[in-house]
Amino acid sequence: MISLAIAAVLVGVVDVGSWLWWQGTSRTLETDASRGADRLLHGRLMTLPTTAQLSRRLALRSLATAPSSLVVGALGRISRHQKRWLWVDPNGFENAAVAAIGSQRMEVGLRELRGALLRDPTSARLHRLTALVLKRAGDEEDFLDHLAEAEAIAAAPTGDPRLELSEPVRAWVRLEALRRRLDRYPRRRASVAVELARELRDRGQTAAARDVLNAYARHPEVALEQARWHLEAGRFMVAESEALAIAEKLRYPTSLRVRAWTAVAEVRQLAGDPDGAVEAAREALRLGPDSAAPFVALAALAESRSAPDEALEHLRRAWGVAPTDVSVLLRFAAVAERTGHAHDARLALERAVQLAPDDPTLTVRLVVLHLRQGDYTDAAMRLSAALDRFPTDQRLLSQAERLRREVGEPRR
């Protein structure tokens, strides 16, 4: 018993020592990355299991300013002890992969990444890192497979600024990711099916898009999407019937019924029934006063009556209840510019660009607004920043050429 007590005390002392050493190393990394990396590379306590556990907290960005040789050595040493004591954890394999890649040993890096993925196949970050290495290695097929897998696993599509993909490749990755997500997340099948159908339709694959919707038509969210497609095709009676069937079902979620009543309002407006449209929009607003959709519908009705100022106020309220909805911001910006509220339009577009930095079309819209208002300096700054990130985007290049013609700037 005494021996066991002594052993327990010793283990506790070692654990406390490891914790103190790691805290000191973390503080050193914050102030001097090179000295911190040196501690990781040569510190004796790095060999202990407790330190290996604590080292999982290490963020690679902490080593960003240290010399590459120190970083490679430190990560290599950390990974060896993590793999020794935490062999079921992907962290050690990921650190070993980064160390190998840093020393240009791509095959070793890929092997270590596969070891990490074996332990955590649901990590979008690991799949994306693997894709980057495969791209450098020239393995196009596996590169695309891992990139699509990363996008499928991620909560939302993300894009990677380190990868400049052609539009056909980007489209393939997007579609493949959605197809995989459809199988991987059963509880989200309805929303993913709608997203996939829209993507297919945007790519001109209308028949395939309809097949996707038909396969999941029992879900009310998908049925509502079908109603909207009927609306866009001018089949107003069918669209209203399908949207009403959802709007009037009390057992459906309130948010879905709000969207359905909004669709009914849109159908009635286009079908020449403004009173019925207002009635449906007010029902949507009654059910969902914190939803942007009813306000957007009321704004459309106001515009149809040639009341743009009223429409702008409805859209301002929509922006208030849904400040991160890019579609609302774009509608607001368009109406604000038409009504002479250029400053509001600019604020809305700037916010949209902040919310969706991976979409260069939003920057194009903001640049066009700057140019229409004669704000050439702001337009040039926006274009310069966007072209640094999207150097081959034709829409941005077109606006750069327009700016050059208007103000005599040299070609980029």
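This is a predicted model: local features need pLDDT of at least 70, side-chain atom pairs count only at pLDDT 80 or more; totals for chains, interfaces and linings use all residues.
User: How are the rings of Trp21 and Trp22 placed?

Analyst: Their centres are 6.3 Å apart and their planes stand at 45 degrees, so this pair is tilted. Trp21 and Trp22 are both buried.

User: What kind of pair do Trp319 and Phe332 form?

Analyst: Planes over 60 degrees apart count as edge-to-face. Trp319 and Phe332 have 65 degrees between their planes and 5.0 Å between their centres, so they are edge-to-face. Trp319 belongs to helix 17 (residues 308–321) and Phe332 to helix 18 (residues 326–338), and the two are 13 residues apart. Both residues are buried.

User: Which rings have an arginine over them?

Analyst: One is Tyr185, where Arg188 lies over the face, 5.4 Å from the ring centre. Another is Trp229: the charged end of Arg201 sits 4.1 Å from the centre of that ring.

User: How do helix 10 and helix 11 pack?

Analyst: Two packed helices are described by the angle and the distance between their axes. For helix 10 (residues 189–202) and helix 11 (residues 206–215), the angle is about 170 degrees and the axes are 7 Å apart. That angle makes helix 10 roughly antiparallel to helix 11.

User: Which residues meet there?

Analyst: Helix 10 brings Ala193, Val194, Leu196, Ala197, Leu200 and Arg201, which meet Thr206, Ala208, Ala209, Val212 and Leu213 of helix 11. By class, this contact has 9 nonpolar, 1 polar and 1 charged residues.

Note on methods:
Residues are numbered from 1 along each chain as its sequence is written. Side-chain values use heavy atoms; hydrogens and water are left out. Rings of Phe, Tyr and Trp (its six-membered ring) pair if their centres lie within 6.5 Å; planes under 30 degrees apart count as stacked, over 60 as edge-to-face and the rest as tilted. Buried means under 20% relative accessible area, exposed over 50%, partly exposed in between (1.4 Å probe, protein chains only). Helices (H or I, at least four residues) and strands (E, at least two) are DSSP runs, numbered from the N terminus. A charge sits over a ring if NZ of Lys or CZ of Arg is within 6 Å of the ring centre and within 35 degrees of the ring normal. Axes are lines fitted to C-alpha atoms, for helices over the stretch in contact, and angles run from 0 to 180 degrees between N-to-C directions. Angles under 35 degrees count as roughly parallel, over 145 as roughly antiparallel, 65 to 115 as roughly perpendicular and the rest as oblique. Contact means heavy atoms within 4.5 Å. Ala, Val, Leu, Ile, Met, Phe, Trp, Tyr, Cys and Pro count as nonpolar, Asp, Glu, Lys and Arg as charged, and the others, Gly among them, as polar.
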